[in-house]
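Here is a friendly walk through one protein model, meant to be read with the structure open beside you. Have a look at it before reading on.

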Amino acid sequence: NVNTLVRLAGEVGLDEAAARAALVAGDFSDDVAADIAQAQAYGISGVPFFLIGKRIGVSGAQPAEVFVEALERAITDDL
């Protein structure tokens, strides 16, 4: 819904008129389509989803310990 997105853009400090113009014109539709395609390639099917280092995924709302473990694994895998 354009009105909802414009309101949310304003709430985070973006210019509402510019946001509305971009949404109506579809200025970023190619970028959105590319993001959706990339998410599908990773097998992401819902939100929230966190991708760490383009290889470790954390799906859904998780406790902090899950994120700590994923971050530690990413660091260890890079060594």
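The notes below go from the overall shape to a few individual residues.

## About the model

This is a predicted model, in which local features need pLDDT of at least 70 and side-chain atom pairs count only at pLDDT 80 or more, while totals for chains, interfaces and linings use all residues. Residues are numbered from 1 along each chain as its sequence is written, and side-chain values use heavy atoms, with hydrogens and water left out.

## Overall layout

The protein has 4 helices and 2 strands. Read from the N terminus, their order is α-α-α-β-β-α. The radius of gyration is 17 Å, well over the 12 Å that the globule rule gives for 79 residues, so the protein is more spread out than a compact globule. Helices (H or I, at least four residues) and strands (E, at least two) are DSSP runs, numbered from the N terminus. The radius of gyration is taken over C-alpha atoms, and the globule rule is 2.2 Å times the number of residues to the power 0.38.

Along the principal axes, the C-alpha atoms fill a box of roughly 45 × 25 × 25 Å. Of the 79 residues, 13% are buried; buried means under 20% relative accessible area, exposed over 50%, and partly exposed in between (1.4 Å probe, protein chains only). Among contacts with a separation of 6 or more, 0% are between residues 24 or more positions apart, where contact means heavy atoms within 4.5 Å.

Where does Asn1 sit? Asn1 belongs to the segment before H1, and at 65% relative accessibility it counts as exposed. Asn1 caps the N-terminal end of helix H1 (residues 2–11), with a side-chain oxygen 2.9 Å from the backbone nitrogen of Asn3. A polar atom of the Asn1 side chain also lies 2.9 Å from the backbone nitrogen of Thr4. Such a polar contact is a pair of N or O atoms within 3.5 Å; within protein, one must be able to donate a hydrogen and the other to accept it, and residues adjacent in sequence count only if both atoms are side-chain atoms. Asn1 and Leu23 are 22 residues apart along the chain, and their C-alpha atoms are separated by 9.7 Å.

Just after H1, Gly13 takes a positive phi of about 95 degrees. At the start of helix H2 (residues 16–25), a side-chain oxygen of Asp15 comes within 3.2 Å of the backbone nitrogen of Ala17.

## Two backbone details to look for

Most residues other than glycine have a negative phi, and most peptide bonds are trans. Which bond is cis? The peptide bond that joins Val47 and Pro48 is cis, with omega about 0 degrees. Pro48 is in the loop between helix H3 (29–42) and strand E1 (49–52), and with a relative accessible area of 36% Pro48 is partly exposed. Not counting residues up to four places away in sequence, Pro48 touches Val58, Ser59, Gly60 and Ala61.

Lys54 has a positive phi of about 60 degrees although it is not a glycine. Lys54 lies in the loop between E1 and strand E2 (56–59). Is Lys54 buried or exposed? Its relative accessible area is 64%, so Lys54 is exposed.
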